[in-house]
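Let's take a walk through this structure together. Please keep the sequence and the 3D view open as you read.

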Amino acid sequence: MFRSFLIKYGEIAIKGKNRHVFEGALIRNIEHALSPVEGEFEISAERGRIYVAAAGDFDYDGAVLALTRVFGIVSICPMRQVDAGDMEQLVSDVLTYVDAVYPDKRKSFKVFTKRADKSFPLDSQEINAELGGRILDAYPEMRVDVHQPEIRLHVEIRNRVNIYSKEIPGPGGMPVGTAGKAMLLLSGGIDSPVAGYMISKRGVTIEAVYFHAPPYTSERAKQKVVDLARIVSRYSGPIRLYVVNFTDIQLYIYDKCPHDELTIIMRRYMMKIAEYFAKADDCQGLVTGESIGQVASQTMKSLMATNEVCTLPVYRPLIAFDKNDIIAISEKIDTYETSIQPYEDCCTIFVAKHPVTKPNVNIIRRSERNLSEKIDEMMEKAIQTAEIIEVS
């Protein structure tokens, strides 16, 4: 029945003279999302509307699933699009739609007409009344309900006529690629993949860095992170993933620094390395999955201590989220089951028994002087030997 979709967007509509830039990005992202779906699709824009039309047979469910992962889309409306004609032709097209989509006619309905083409002889309210009456004549078992109708029948009269009654929610947000680029610190946990999803929802293109600690973390732990990046890339688009061997640095910190400061100091060096890759790839910031107070390294003073080593801004999309909020999003985007697989990341392996929760930056810097003999060389080696995986 449905061979085309009306794509509705939200915030893009208020972008004024720049709206065409955001529309163009959204269309490109739709094209990318639909590229692996069976079928050929034509995408077009017309005065605040984007249309996706299939040229022939296509995978309907696959197309809908792909569109529900495109940031910037508020809703997807499977529709029947027909040539504009007179009122009798419009009635015929609407009755054909109702008959095909609703075999069981024992339903309430309301007609919503939008007459963008002002040359059509009747106004919107007159069209609503005429269509409502003709539907009741054709299908007496149906009834009008203007307050809570079971069927909200939309008719848009433009260059062509759009008829639809179903709206599938999209993810909202802004099209990826319209708000710069950032580097995500991606671990195998629940939080960081959600942070990547959330920052992408605001139009930010993401790359990612993962800190691997063999033999303390296995190849399966690394694969878990690659799998998480792949799931996030369904929404964000392709992700360049840097895999950094962090073992020697962690062992050196473990040997030279107070153990209650291990997590903070390791985190500071992770941020330094992540920032190196971010600057090399023209990113405008770092992204983490931290939220206030969730663990010792995420108290306000701990976050301040890790921020101190960065010159780029650090974005934390989950900063005020409860754990249950984060889990709910991870389940929605299908990262949760992968995140809870029992493969440890380097942070959990080297965590201190009694980590400091209110680190003093001056004391942390003093402890880091113990690393001065080798740490620069180790960081250079970690950067130069990083593995790059293109994930999509």
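Predicted model: local features only at pLDDT ≥ 70, side-chain atom pairs only at ≥ 80, totals over all residues.

Seven of the eight residues in E11 are buried, so the strand is mostly covered. On one side, E11 pairs with strand E10 (residues 181–185) in the parallel sense, over five bridges. Within this pairing, Leu184 stands opposite Ala208 of E11. To get from E10 to E11 the chain passes through helix H5 (residues 191–201), making a right-handed β-α-β crossover.

E11 also runs parallel to strand E12 (residues 239–245), and five bridges join the two. Here Tyr210 of the pairing stands opposite Val243 in E12.

After H5 comes Gly203, which has a positive phi near 95°.

Let's turn to the interior. In soluble globular proteins, nonpolar side chains tend to be buried together. In this model, the largest nonpolar core has 37 residues, and Val209, Ile253, Ile273, Phe277 and Leu286 have the most contacts inside it. Elements that each supply at least two residues of this core include E10, E11 and E12, along with helix H7 (247–256), helix H8 (262–280), helix H13 (361–368) and helix H14 (375–384). H8 gives the largest share, eleven residues.

Now for the spaces. The second largest pocket holds about 530 Å³, and 22 residues line it. His32, Ala33, Ser233, Arg234 and Gly237 are the lining residues nearest its centre. Helix H1 (19–34), helix H2 (60–67) and helix H6 (219–236) each give two or more residues to this lining, with H6 giving the most, five residues. By type, the lining of this pocket divides into ten nonpolar, nine polar and three charged residues.

The structure also holds one cavity of 30 Å³ or more; the largest cavity has a volume of about 30 Å³. Its lining consists of Val98, Tyr102, Phe109, Ile135, Met142, Ile151 and Leu153. What is the make-up of the lining of the largest cavity? Seven of these residues are nonpolar, with no polar and no charged ones.

Most residues other than glycine have a negative phi, and most peptide bonds are trans. Against that background, Pro214 and Pro215 are joined by a cis peptide bond, with omega about 0°; Pro215 has its place in the loop between E11 and H6.

Two aspartates are also worth a look. Asp282 is not a glycine, yet has a positive phi of about 60°. Asp282 lies in the loop between H8 and strand E13 (286–287), and is exposed because its relative accessible area is 58%, over the 50% cut-off. Asp334 likewise is not a glycine but has a positive phi, about 70°. This residue is found in the loop between helix H10 (323–332) and helix H11 (336–339). With a relative accessible area of 42%, Asp334 is partly exposed.

Conventions. Residues numbered from 1 in each chain as written. Heavy atoms only, no water. 1 Å grid on protein atoms, 1.4 Å probe; cavity = no way out; pocket = protein on both sides within 12 Å on 5 of 7 lines; lining within 4 Å. Points joined across faces, edges and corners; volume = space filled by probe spheres on them. Helix = DSSP H or I, 4+ residues; strand = E, 2+ residues; numbered from the N terminus. Nonpolar A, V, L, I, M, F, W, Y, C, P; charged D, E, K, R; others polar. Buried < 20%, exposed > 50% of the residue type's maximum accessible area, 1.4 Å probe, protein only. Pairing = 2+ DSSP bridges. Right-handed = clockwise from strand over helix to strand, strands pointing away. Core = buried A, V, L, I, M, F, W, Y, C linked by side-chain atoms within 4.5 Å.
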